[in-house]
Amino acid sequence: MTSPTLSITGKRWQYHPPLASTARIQATQGKPHRIVAASLARQGYNETTYHLALKPNYQRDRHDSFLLRDMRKAVARIQQAITNREMVLLISDFDVDGVTASLVTNTGLQAAGVKASQLGARIPDRFTEGYGLSEKILREAKAQGYQVAITLDIGINSHREATLAKELGIDLIICDHHLPDGEDTPADAFAVLCPKGGTGSDYPNKDLAACGVALKFAEALLQAHPTRHKIIASLLKIAALGTVADMVSLTGLENRAIVANGLAALSENCTNLGLLALLNISGVTGALKASDVGFKLGPRLNAAGRLAHANEALQLFYAKTPAEAHQAARRLDDLNTERKELQERLTQTILASLDQRALPPVLVFAGAHPPYHQGVLGIVCTRISQETNRPVFIGSLNSAGLIHGSARGIPGFHVVEAMRSTGDLLIKCGGHPAAGGFTLAQEHLDEFQARLNRYAEALPPSLPYPELWVDDQLELRELNERLLTELAQLEPHGMGNPAPLFALNNLMLESLRVMKEKHLRLVLTDGTQTITALWWNAAQYSKAIEAASLLHLAGQPEINEWAGRRSLQFNITDVMVQ
């Protein structure tokens, strides 16, 4: 391909290098398509294992729950709570992973023999309490008579709170997956269920989401239950939602099976009234895909914790009538619409303030709401980082003069290490290499930005342009339903198992139409065949595309079904013009 060095969006396209194992996979009896073989080879599969990834099976691919640290202690403590009729409180994060982990654990505990009257559920308020386990929550739990507290998707860094729980006489069981490299778990916790870390953990799958950890806890609790397999099959449906929404890796077989089997079961037999209402209001029909969770269900469930309270997402699943379920789903849909409006307003405010010619190594923004709404900071961080190829920190200023913020990094920039490099400026910080959160006083904002930029300047030079990795080049004649059937074997897609990205090169534009003032609809030809392509939120590139003599597209083919008709179209990710 002869084309410009950079795409119209400023990205450099890179093609995955061929691997020897790709040819060996293709040479097997199954003879998978070259793109399928290449994708699995890059994920570490070979000619003897690739077939397992193409047909995930949870009963075959799951690991022994008791390989998780402290699982026997945790199970024994719950059995004691059942015998003694003790009160058990579930404390979870306010995102989809936390909510689904709470649902899975609640169901597992009740199936094991804990009475509903013994159980409570608590989700911190994002705006008044902030993230994670707190002294306030524990003291309230003690006052309400809880003897056992189970944290879900939080707690792994709560050393001080674990000590307080022990002092209060509350046995704390931590179910989490966020343990940072080099750190260990709270010593005063009664039990810790976490696949990461070196102390006492032999669990092979380090990429479990919190709802996955909750699923393993339920499996262990129900090891002797007569209908164990039926209950676990039902819990897979909920765990699949949280696993996709939390964007944990789907490279390994166990996570792949949780999602594949769980979504298949949901498609075949969804009986939860709230979830049925959410599927309907989200416009999800037919076989449920991971992309439906990532782009339709997940954002609506997350909207409650972002703009209101995550209890509204949790209660959707406990709706007792179709009318109650519809009302709850409608509320989440409305919140999601509001979330998108707030997100776009803040994004445009920040983009309008940028001088692209003089961007510092790290971008830091803060302000009061509106438009700096705390519930959308992380999403906006991601968008600004993608637009600028810079690490981005965005904070919302409250009336007490505190800034609560989110951060997103780029390759080579470790978000948590960067925040720690600012010394004692931060009141609180946490996260992982690519994303994090922080709290600091307003008067320290300028110095915070200065120290972050000094940290970035001391790093080795990063790539000057963001990269877009392309799997393969295709001719228009290769785009057909048979290819899409082959590619569908790679589902479920997500982190670690992305949908393949293809290049269509040397195409000529036949027509271009701007849709809803935001999107582009292109009809292109290679001189022999034509294809319709859609590029969402790309109206600003219309003039450059119309002026080009040749176009090179990166994106993914799909079948568009509308009014009873099926047609193949190409969803554009990026374009090079020539």
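Is Arg139 buried, exposed or partly exposed, and at what relative accessibility? Arg139 counts as partly exposed, at 43% relative accessibility. In these terms, buried means under 20% relative accessible area, exposed means over 50%, and partly exposed lies in between, for a 1.4 Å probe and protein chains only.

Good morning. The structure above is a predicted model, in which local features need pLDDT of at least 70 and side-chain atom pairs count only at pLDDT 80 or more, while totals for chains, interfaces and linings use all residues. Residues are numbered from 1 along each chain as its sequence is written, and side-chain values use heavy atoms, with hydrogens and water left out.

I begin with charged pairs. Side chains of opposite charge can pair when their charged atoms come close. A salt bridge is defined here as a side-chain nitrogen of Lys or Arg within 4 Å of a carboxyl oxygen of Asp or Glu. By this rule, the count is 29 salt bridges.

Arg139 takes part in one of them, with Glu135, and the closest N and O atoms are 2.8 Å apart. Both residues belong to helix H7 (residues 135-143), where they are four residues apart, about one turn of the helix. Helices (H or I, at least four residues) and strands (E, at least two) are DSSP runs, numbered from the N terminus. An α-helix has 3.6 residues a turn, so residues three or four places apart point the same way. Glu135 is also partly exposed, with a relative accessible area of 44%.

Another salt bridge links Glu161 and Arg160, with 3.8 Å between the closest N and O atoms. Here Glu161 is buried at 13%, whereas Arg160 is exposed at 67%.

A further pair is Asp333 and Arg300, whose side chains meet at 2.8 Å, N to O. Asp333 is buried at 11% relative accessibility, and Arg300 is buried with a relative accessible area of 11%. Elsewhere, salt bridges that share partners join Arg62, Lys216, Glu219 and Glu254 into one network.

Which residues of helix H12 (residues 273-281) are buried? They are Gly274, Leu275, Ala277, Leu278, Leu279 and Ile281. Their cover includes helix H10 (228-245), helix H11 (253-268), H13, helix H14 (311-316) and H15. Just after H12, Gly283 has a positive phi of about 75°.

Now the strands. Strand E10 (residues 426-432) and strand E11 (residues 435-441) pair in the antiparallel sense over six bridges; two strands pair if DSSP finds at least two bridges between them. Gly431 stands opposite Gly436 in E11, and a hairpin of two residues joins E10 to E11.

Finally, the interior. In soluble globular proteins, nonpolar side chains tend to be buried together. A nonpolar core is a set of buried Ala, Val, Leu, Ile, Met, Phe, Trp, Tyr and Cys residues joined through side-chain atoms within 4.5 Å. The largest such core has 98 residues, and Ile150 and Phe217 have the most contacts inside it. Contact means heavy atoms within 4.5 Å. Leaving out residues up to four places away in sequence, Phe217 touches Met71, Ala74, Val75, Ile78, Ile150, Cys175 and Leu193. A second, separate core of 36 residues includes Leu40, Leu490, Leu504 and Leu524.
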